Amino acid sequence: MIKVVEIFRTVEGEGKWVGLPVAFIRLEGCNLRCEWCDTPYSYDGKSFREISVEALVDEIENFGLKRVCITGGEPFLTSQLPNLVESLLEKEYTVLIETNGTLWNENIGNMKTDNLHITCSPKPPSYFIHPQLLPYITELKFVVDKHIKLENILNEKTEKIIKNDFIVLQPESNKKEMVEKALKIQEELLKKGIESRIIPQCHKVLGLP
Ligand code: SF4
């Protein structure tokens, strides 16, 4: 059984997949407590139901979409995550996993497919990324808040995986001062030859879940 907080259909509101229709699976539990977290109910220990992977995939099938985003909380806390991902890939879904980057599950690494994408959004204060997760990351997304500095984004760990069009800068709560900070960081990255995208939380702009 798997602990699920919510399943819903919407359009992707964050990162490079923004605007595309997507089914969201929010798994229960998080190992972090970010000060600006907008989903504290994902780890309050009471807002979930338990469901089998098979039944969960059946519910997703009802949406009639081809893309599924598994988020949290922190999805890598769920030991059955590889079973869920495998079941979705077998049904030919494109699967996106959104992680804070601190945890890893080797069984995910064994899945060789172009249909699995991992967005890592490292969190302050440490911005830690699990070393084994690093090579599997397909997008690095940073909330631009009062804490973040260029070296949290570009450092000896991330420079091994960063490519052009790989980093997303997301101004915290779409605040004007954070948009300005994001523009400065984007400029700094550009000076180092790295293009990045500034993308707000579009689902909030649109009033979607
Ligand atoms: S990692 Fe994500 S879900 Fe966990 S506390 Fe931080 S923002 Fe919230």
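The following legends describe close-up views of a predicted model.

**View B. Crossing of helix 1 and helix 2.** On the helix 1 side the contact is formed by V53, L56 and V57, which meet N83, L84, S87 and L88 of helix 2. Five nonpolar and two polar residues make up this contact of helix 1 with helix 2, with no charged residues.

View C. Nine strands form an open sheet with mixed pairing, in the order 3-1-2-4-5-6-7-8-9. Strand 3 (49-51) and strand 9 (196-198) are the edge strands, each pairing on one side only. From one strand to the next, the twist averages 30°.

**View D. Pairing of strand 5 with strand 6.** Strand 5 (residues 94-99) and strand 6 (residues 116-120) run parallel and are joined by five bridges. Within this pair, I97 stands opposite I118 of strand 6.

**View E. Helices lying across the strands.** Helix 1 lies across strand 1 (2-11), strand 2 (21-27), strand 3 and strand 4 (67-71), and runs at about 10° to strand 1. Helix 5 (residues 176-191) lies across strand 7 (139-144), strand 8 (167-171) and strand 9, and runs at about 160° to strand 8.

Key: Residues numbered from 1 in each chain as written. Predicted model: local features only at pLDDT ≥ 70, side-chain atom pairs only at ≥ 80, totals over all residues. Contact = placed C-beta atoms within 7 Å. Helix = DSSP H or I, 4+ residues; strand = E, 2+ residues; numbered from the N terminus. Nonpolar A, V, L, I, M, F, W, Y, C, P; charged D, E, K, R; others polar. Pairing = 2+ DSSP bridges. Axes fitted to C-alpha atoms, helices over the stretch in contact; angles between N-to-C directions.
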